[in-house]
Amino acid sequence: MSFIVTTKKCWLNKKEIVKIFFLNDVPFTFDDLPVGYFYDKQVVKEADNNQNYSGEDIYKGSNYLIMEKCHPCFDDIEILNPENLPEEIQRFYNGEEDLLR
């Protein structure tokens with residue numbers, strides 16, 4: 001089975017905007033945005049148009065993917081667009097590093 005990774009800028013706990021990573025629409029991790037993102041009207045507008053997530057939402061999504069053995073940070077799965085993954089694990093999906101051994 002192949003998976004698709006997408007990202008969205010969303011509010012986290014209604015306090016900050018983060019970049020959330022989704023695997024087939026299940027949130028599994030997030031990255032902080034650079035300092036000053038509140039001054040970027042496009043970023044704020046995108047976050048306002050997306051769902052607000054809590055840390056618990058991302059925790060539950062991540063745990064679900066782990067239980068299903070399809071979490072991209074822990075399991076060797078086929079991802080159609082690895083360039084959308086967090087930078088820390090892109091090297092693994094590009095064949096440059098073996099993180100699972």
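## Pairing of E2 and E3

Two strands pair if DSSP finds at least two bridges between them. In this predicted model, strand E2 covers residues 5-12 and strand E3 covers residues 16-23. Eight bridges join E2 and E3, and the two strands run antiparallel.

Which residue of E3 is the bridge partner of Leu 12? That partner is Glu 16. Elsewhere on this pair, Lys 8 stands opposite Ile 20 in E3. The hairpin of E2 and E3 has three residues between the strands. In this hairpin, Asn 13 takes a positive phi near 55°.

## Pairing of E3 and E4

E3 also pairs with strand E4, residues 26-32. Six bridges hold this pairing, again in the antiparallel sense. Ile 20 takes part here too: Phe 30 is its bridge partner in E4.

The hairpin of E3 and E4 has two residues between the strands. Here Asn 24 takes a positive phi near 45°.

## Burial of E3

Why is E3 largely enclosed by the rest of the structure? Six of its eight residues are buried. For this count, buried means under 20% relative accessible area.

In a regular strand, side chains alternate between the two faces of the sheet.

Definitions and conventions
Residues are numbered from 1 along each chain as its sequence is written. This is a predicted model: local features need pLDDT of at least 70, side-chain atom pairs count only at pLDDT 80 or more; totals for chains, interfaces and linings use all residues. Side-chain values use heavy atoms; hydrogens and water are left out. Helices (H or I, at least four residues) and strands (E, at least two) are DSSP runs, numbered from the N terminus. Buried means under 20% relative accessible area, exposed over 50%, partly exposed in between (1.4 Å probe, protein chains only).
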